[in-house]
Amino acid sequence: MSTERLIVVGGDAAGMSAAAQAKRRNPGLEVVVFERGPHTSYSA
Amino acid sequence: MEEIDSPRGRVRVRDLQNNRVVWESYDQLLLATGAVPVCPDLPGADAVEICGVNTLQSGIELRRILDDRNPKNGIVVGGGYIGLEMAEALVRRGMAVSLVSRSPEVMKTLDPDMGHLVSQALRDFGVTLYLEETLIGFETKSGKITGVVTDRRSLPADIVILGLGVRPNTELAAAAGIPLGERRSIRVNELMQTFVAGIWAAGDCAETFHLVSRKPYYLALGTIANRQGRVAGVNLGGGSATFPGVVGTAVTKICEVEVARTGLQESELRELGIEWASAVIRSRTKAGYLPGAGKITVKVLAEKGSGRLLGGQIVGMEGSAKRIDTLATALHAGFTVEEMINLDVGYAPPFSPVWDPVVIAAREAAKLV
């Protein structure tokens, strides 16, 4: 899949796991994460 | 995020620091919006400061309230993971703690006979339990909470913590026409794609599949969120991964007592119309002659006739909970309890009796199926 811009809504366990995996697999992918709270996942 | 515009491939987001609203376009969108605590619409509920402890921030706020006010009487409503862990935390601070639950025993993710062991552990720890009582409202005085009202009594409180479970945070997905499933979680396939092109979902907002009942299922647990997130991320990054589903494994610890469960429990089996036999055994966490050998109770449920393992529950001292992983693995493998008898699990006196407690329970269940 040739994704150019991935938006992730939610920066906790699922969101950050996915963002990290996607970026690692495809470093050219632009990954943007939006999180409502002040913290990202603290255990991912 | 405030809106999903899937036809135009964009989302509306608000920067909460300056209140600026922008449309951001995407080629692929992953919804990982999680779950939100259930907050009851009851008299006085506006004054409740702690409705669910489900984010790092809510834990920080709770801790600040406790440190600032040093409350003496705490009431926890809800007998699940959050309720029990919060009750323990308040007792450890030296507070007088009561727990209110609608169920006959705490931990209704266990069968009542196993839940009873957990209720007893809480009482031994000094928590007063009000079971089979329904929350009907809160007492307040000039906007501050002063008590909890159940269908049977009024309980004075300086602080009230609600642990009434969560629901998937999917309103915006529903508004965008993304199909929902069990308990209004977002329906996904094995790749973690929703049924709208270019939109994916993972974690507490997404549906999963129960590998024992073979039905769609909703379960908000961080373990599942991590695995679903990984699968979504691999696929979004151009790789290939699938998420087959869950068997419903969860562990926790209340005071000194470890609690674990996996698979289907009696209430679920009844609903599914599956006939089962169950065996409950009591053993030790180490060889009985070793110092520190603690009590462990294991329950195994198996299908009548076929002997297929359906689920299991464990309550016991240190070294008990993670034994559930043997049962969880056996559920993934589709083992019968007969097949579990010869499992080559590890033994030495510091770790287990010669027959592992889980295997003893499987052996007993095999006699009953």
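Ala18(A) is in contact (C-beta atoms, placed from the backbone, within 7 Å) with Val8(A), Leu30(B), Ala32(B), Ala202(B), Gly229(B), Ala232(B), Gly233(B) and Leu236(B), when its neighbours within four places in sequence are left aside. The model is predicted, and local features therefore require pLDDT of at least 70 and side-chain atom pairs pLDDT 80 or more, whereas totals for chains, interfaces and linings use all residues. Residues are numbered from 1 along each chain as its sequence is written, and chains are lettered from A and ligands numbered from 1 in the order in which they are written.

Ala18(A) is also among the residues with the most contacts inside the largest nonpolar core, as are Leu30(B), Leu31(B), Val118(B), Val160(B), Trp200(B) and Ala202(B). This core has 107 residues, a nonpolar core being a set of buried Ala, Val, Leu, Ile, Met, Phe, Trp, Tyr and Cys residues joined through C-beta atoms within 7 Å. Helix α9 (residues 357-368) of chain B gives the most to the core, with seven residues. A residue is buried if 20 or more other C-beta atoms lie within 10 Å of its own, exposed if 12 or fewer, and partly exposed in between, with C-beta atoms placed from the backbone. In soluble globular proteins, nonpolar side chains tend to be buried together.

Between the two chains, 31 residues of chain A are in contact with 33 residues of chain B. On the side of chain A that touches chain B, β1 (5-9), α1 (13-25) and β2 (30-34) each supply at least two residues, and α1(A) provides the largest share, eleven residues. Helices (H or I, at least four residues) and strands (E, at least two) are DSSP runs, numbered from the N terminus. This side of chain A divides into 17 nonpolar, eight polar and six charged residues; Ala, Val, Leu, Ile, Met, Phe, Trp, Tyr, Cys and Pro count as nonpolar, Asp, Glu, Lys and Arg as charged, and the others, Gly among them, as polar. β1(A) and strand β4 (residues 28-31) of chain B pair in the parallel sense over four bridges, pairing being assigned if DSSP finds at least two bridges between two strands. Within β4(B), Leu29(B) is the bridge partner of Ile7(A).

Chain B has nine helices and 22 strands. Its C-alpha atoms fill a box of roughly 65 × 55 × 35 Å along the principal axes. Of its 369 residues, 43% count as buried. Among contacts in chain B between residues at least 6 apart in sequence, 60% join residues at least 24 apart.

α9(B), with twelve residues, reaches 17 Å from its first C-alpha to its last, close to the 16 Å expected at 1.5 Å a residue; the expected span is 1.5 Å times one less than the number of residues. Buried residues in α9(B) include Pro357(B), Val358(B), Ile360(B) and Ala366(B). Their cover includes β20 (276-284), β21 (295-303), α7 (324-333) and α8 (337-340) of chain B.

Most residues other than glycine have a negative phi. Met107(B), although not a glycine, has a positive phi of about 55°. Met107(B) lies in the loop between β8 (96-101) and α3 (112-125) of chain B and is buried, with 28 other C-beta atoms within 10 Å. Met192(B), likewise not a glycine, has a positive phi of about 80°. Met192(B) is placed in the loop between α4 (171-175) and β15 (199-201) of chain B and counts as buried because it has 31 C-beta neighbours inside 10 Å.
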